Amino acid sequence: MCGIVGYVGHRQAAEVILDGLKRLEYRGYDSAGLVISDSERVLNVMKRAGKLKVLSDAFRTQPLTGTLGLGHTRWATHGKPNDINAHPHLSEDGKLAVIHNGIIENYLPLRARLSAEGHTFASETDTEVLVHLIEAHYQGDLVAAVQAALREVHGAYAIVVSHADHELIVAARATSPLVIGLGQGENFVASDVPALLPYTREVIFLRDGDMALLAKDGVTVTDFGGVVLRRDSAIIDWDAEAAEKGGYPHYMLKEIFEQPVVLQNTLGGRLAANGTDVTLELSLDPASFNRVVITAAGTAYYSGLVGEYLIEKLARLPVEVEVASEFRYREPVIDSRTLVVVVSQSGETIDTLEALREAKRQGAHTLAILNAKGSSISREADDVLYIHAGPEIGVASTKAYMAMLAAFELLAIWLGRARGTLSAALAAELIAELRHTPALVEAALKAREQVAAIAEAFKGKSDYLFLGRGVNFPTALEGALKLKEISYIHAEAYATGEMKHGPIALIDDDMPVVAIATASALYDKTVSNIQEVRARDGIVIALASEGDEAIKAHADYVITAPRTMELISPMVNVVPLQLLAYETAARLGLDVDQPRNLAKSVTVE
Ligand code: G6P
């Protein structure tokens, strides 16, 4: 949460920073600011509440020049999103600037002490204590002052600091992500890789407890005590274009349409030539577990619910799925015979990271299903299964969810084959269908027109109900989540068979009900439940398999999905629901890629 960009080199720092912040705006977008050190070694600051554009527009009318600077997009934790609380925060003499992502947990006692010592606070933020603390320790050596200050704070944070008297950026990481970009005569620091892609592919991912000193001619990484650490650089293979909109009006739409290609990347090289197995480079021994626990947040959690269904069915292992923020505080009963699977697009979600750490403390073997390479979770998990979805910029996750589903299909088949619970015949059928999923998802995208008509008809509604059962209950949950995230329409999802136990009271002739009724073993029961809605004058939007003519008699609107195996169907069925959310939000003129109050990567509790 919060985007950080720092630059020192030969270019105009503000250009690099504003460009980088734009690529990180998904991390927070309630206010933004930058500080530039000019040729006279004076720090000039500009901060604005609102989207980055407000800052960029202000900057165009009053540019700040200089080749060293720091910038920030904020996702407020302490203090309202206004100009004053926006970062950077400066010392009273204007010589020291600090930008921060995360939370300084002991800021209240520190603030009280510093105030008593005569420091005057301008903002309501926890960040500002860092400024005063570093200032209090500063005696000409910026690095030493930062080290001394950090010894007094605790929390999860990433900071970048500059001082008018030094051509240097000091960065430090305690949990919240920071990545260094290495250039020729210039160096960069950012919260995430997309900010660096136009300038360099060579990066160093800082680890917890790392400090980095960036000058234009070099970068040194030390611990918080100043001991120099060896950190190898990595080369990033994402291309910058993949992080651009490529002609689509929104990143989200682009990412929805990228899903067929994403599936090729997730599945690529993992479906064995024999047609009955998958190849995964995992160190875990499938025979050594008697249980699987899946934990994650948000959309990644819903992919885990599909994973539960697949693993139980194909590998006959008991599976539990829990949101990470609950799991980590629950004293979960796990041991060395438990496989704990964490799922995350960013690899930085603090709840998921801490859940992973809890699982490791309890002796479980941990497997991470991840998108972002070099992320915190990637370094701490025993095994990693990368989903290869590429950069996902839209805050509402779409292509990463698709790739997570594909990863669970692979994992379930792999476990099932290794444990002897999945026959070669069923494995062959599933694998053949998986090979076909890029084409199936491509075909599912064709529902856009049908979906657009529905979005138009119901864009003014305030509530929606989504129903799905079995492996598509999570699809209903994800459909409802997408709609509420980006259109702000209240949407609930229920297991279809559970509707009669409560939500049926809500059914009237005003609330649209999206019922997933694609081909499945329980199709007839689903149709009966749909009839129960209709009998109460409910508006039914049925998602049905191609060729299902009978459904028309039971639904006001039908969305057609390509026919596929039930176990594969969540990958196909989610597509029209993503489009429904998109088409609704776009019609309401809402900010699809950066919905209010959300952030893509939540690195605070
Ligand atoms: C945030 C985002 C969600 C995302 C969740 C988990 O809440 O808004 O879209 O699903 O975090 O993120 P992760 O990066 O761990 O998959």
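This is a predicted model: local features need pLDDT of at least 70, side-chain atom pairs count only at pLDDT 80 or more; totals for chains, interfaces and linings use all residues.
Local features require pLDDT of at least 70 and side-chain atom pairs pLDDT 80 or more, whereas totals for chains, interfaces and linings use all residues. Residues are numbered from 1 along each chain as its sequence is written, and side-chain values use heavy atoms, without hydrogens and water.

Strands are DSSP runs of E with at least two residues, and helices are runs of H or I with at least four, numbered from the N terminus. Pairing requires at least two DSSP bridges between two strands. Strand β6 (residues 96-104) pairs with β7 in the antiparallel sense over 9 bridges; here Ile99 has Val160 as its bridge partner. Strand β8 (residues 169-174) is antiparallel to β7 and joined to it by 6 bridges, with Ser162 bridged to Ile169. A hairpin of 5 residues joins β7 to β8.

Ser569 belongs to helix α17 (residues 569-587). Ser569 counts as buried because its relative accessibility is 2%. Leaving aside residues up to four places away in sequence, Ser569 touches Val471, Asn472 and Thr564 (heavy atoms within 4.5 Å).

The polar contacts tabulated below are pairs of N or O atoms within 3.5 Å.

| Residue | Residue atom | Distance to a ligand oxygen atom |
|---|---|---|
| Thr299 | backbone N or O | 3.0 Å |
| Gln345 | backbone N or O | 2.7 Å |
| Thr349 | side-chain N or O | 2.5 Å |

Taken alone, the ligand exposes 390 Å², of which the protein buries 90% (Shrake-Rupley method, 1.4 Å probe).

Terms used:
Buried means under 20% relative accessible area, exposed over 50%, partly exposed in between (1.4 Å probe, protein chains only). A polar contact is a pair of N or O atoms within 3.5 Å; within protein, one must be able to donate a hydrogen and the other to accept it, and residues adjacent in sequence count only if both atoms are side-chain atoms.
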